Amino acid sequence: MPMNATDCPSMHARTIALIDVNNFYVSCERVFKPALRQRPVVVLSNNDGCVVSRSAEAKALGIAMGAPWFQIRKQAERAGVIAFSSNYALYADMSNRVMSILRQFSPAQEIYSIDECFLELTGFTRRDLTEYAQTLRQTIMRGTGLPVCVGIGASKTLAKLANHCAKHTPAMQGVCNFNALPPTAVDARLAEIQVDEVWGIGRRLAATLHARPLAIHTAYDLKYSDAETMRRRFSVVMEKTIRELNGTVCLELEEVRGPQQQILSTRSFGQPVREIEGLSEALTLYTTRAAEKLRKKQLFAGSVYVYIRTSPFREDSRFYSNALTVPLPVATHDTRQLVKAALWALRRIYQPGHDYAKAGVSLGELVPAQAIQQDLFHSGPQADNTARLMQAMDAINRKMGRATLRLASEGRQQPWQMKQTRKSPSYTTNWKDLLCVD
């Protein structure tokens, strides 16, 4: 076995923690409905389609991730399962609260996803980091009501696996610190973890690793495979994964992310849309939402990509899908200009006679203000007026509620809106939904 920094706890050059909220969407729902604790709960995807989050009790009933709700609803409800529509505003706000608390525990933080965050703990030599992680968990529970697990390791990959152990080993009480364990104990843990649980492997690649002559079945097997050979057979990513398993940091924390490449806004319709007027309303709404995000990030879009499609699962109609990218003469964050481009694209890809099930908009070629290539007709007072108008529009919508000011082409009735028949109130983002305690 190769000697490396993981052969002795005192030799660790780095200490990285991964904090993960347990069953995030379900846990957010339980914060405001304590009676749901210890009960089977699931959260559904757009249009109440598939299961995207499950409580431990729901998992114990055999409810699979991604299971179509219409197929399992009757059986699940007989078993006492409670289902919620996705409440994205609530989840995003709760995530922001968790990440804000975590900033207090380390000067270096990478927000990896809505419910996961890496912290740099290297140099915290005077602290018992297992105890420190327990304090972190208790602080988040007091501040948000959300349960989290903490994994600590010498690399991001090891921290991920330590977090996996923390989740699945009740005796650890939500914290697993690989850096505090002797190497034989860490290896014993890795030998219990299937290789498809390793960050970046997945089931499809795991099937290849299982086959002979490799016969790699666990994280332990992968750790002690030859990195150079695996690089030649697979990729440099595989080599980095193996080196990370051996305690060499190949994936640094991204405290400051590079410029975002695109902003996507897409939804499945609550009911099929046949006419171009309905599609125009939907695309206006989606483009408006994307433009709001664009301005919030202080970026400008140089292109607008639009796509529409029918349902691929309907056997009684022909499948149709089409898309078009519209380059803009000058990058903009003006909702009006972006919607104009999106509707121009729609008119060119729309075909009558179809029942459309989904549409989307992606804003691409994103640049900050200082990188915009101006021209003679898109600068000066006109550009200043546009910026002030968008600022005023955003300010009014923030203060008075989303869509207080909107484009007329967004429509009013919007029968195509996404189904959310089981949506909980927006407890933390809407005054009308503020929880009242008698």
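Select Ser235 to start: this residue caps the N-terminal end of helix 11, with a side-chain oxygen 3.3 Å from the backbone nitrogen of Val237. That pair is a polar contact (N or O atoms within 3.5 Å; within protein, one must be able to donate a hydrogen and the other to accept it, and residues adjacent in sequence count only if both atoms are side-chain atoms). Helices here are DSSP runs of H or I with at least four residues, strands are runs of E with at least two, and both are numbered from the N terminus.

A word on what you have loaded: this is a predicted model, where local features need pLDDT of at least 70 and side-chain atom pairs count only at pLDDT 80 or more, while totals for chains, interfaces and linings use all residues. Residues are numbered from 1 along each chain as its sequence is written, and side-chain values use heavy atoms, with hydrogens and water left out.

Now select residues 236–245, which is helix 11. Its buried residues are Met238, Glu239, Thr241, Ile242, Glu244 and Leu245; buried means under 20% relative accessible area, exposed over 50%, and partly exposed in between (1.4 Å probe, protein chains only). Show the cover next: it includes helix 6 (156–168), helix 8 (202–210), helix 9 (219–223) and helix 10 (227–233).

Zoom in on Thr241, in helix 11. Thr241 counts as buried because its relative accessibility is 8%. Leaving out residues up to four places away in sequence, Thr241 touches Val198, Trp199 and Leu222, where contact means heavy atoms within 4.5 Å. Then step just past the helix to Gly247, which takes a positive phi of about 90°.

Jump to Asp334, in the loop between strand 11 (321–332) and helix 13 (335–349). Asp334 has a relative accessible area of 2%, so it is buried. Beyond residues up to four places away in sequence, Asp334 touches Thr386 and Met390.

Finally, zoom out to the whole chain. You'll find 14 helices and 13 strands. The radius of gyration is 25 Å, close to the 22 Å that the globule rule gives for 438 residues, so the chain is as compact as a globular protein of that length. That radius is taken over C-alpha atoms, and the rule is 2.2 Å times the number of residues to the power 0.38. The C-alpha trace spans about 65 × 60 × 55 Å along its principal axes. Colour by burial and 47% of the 438 residues count as buried. Among contacts between residues at least 6 apart in sequence, 68% join residues at least 24 apart.
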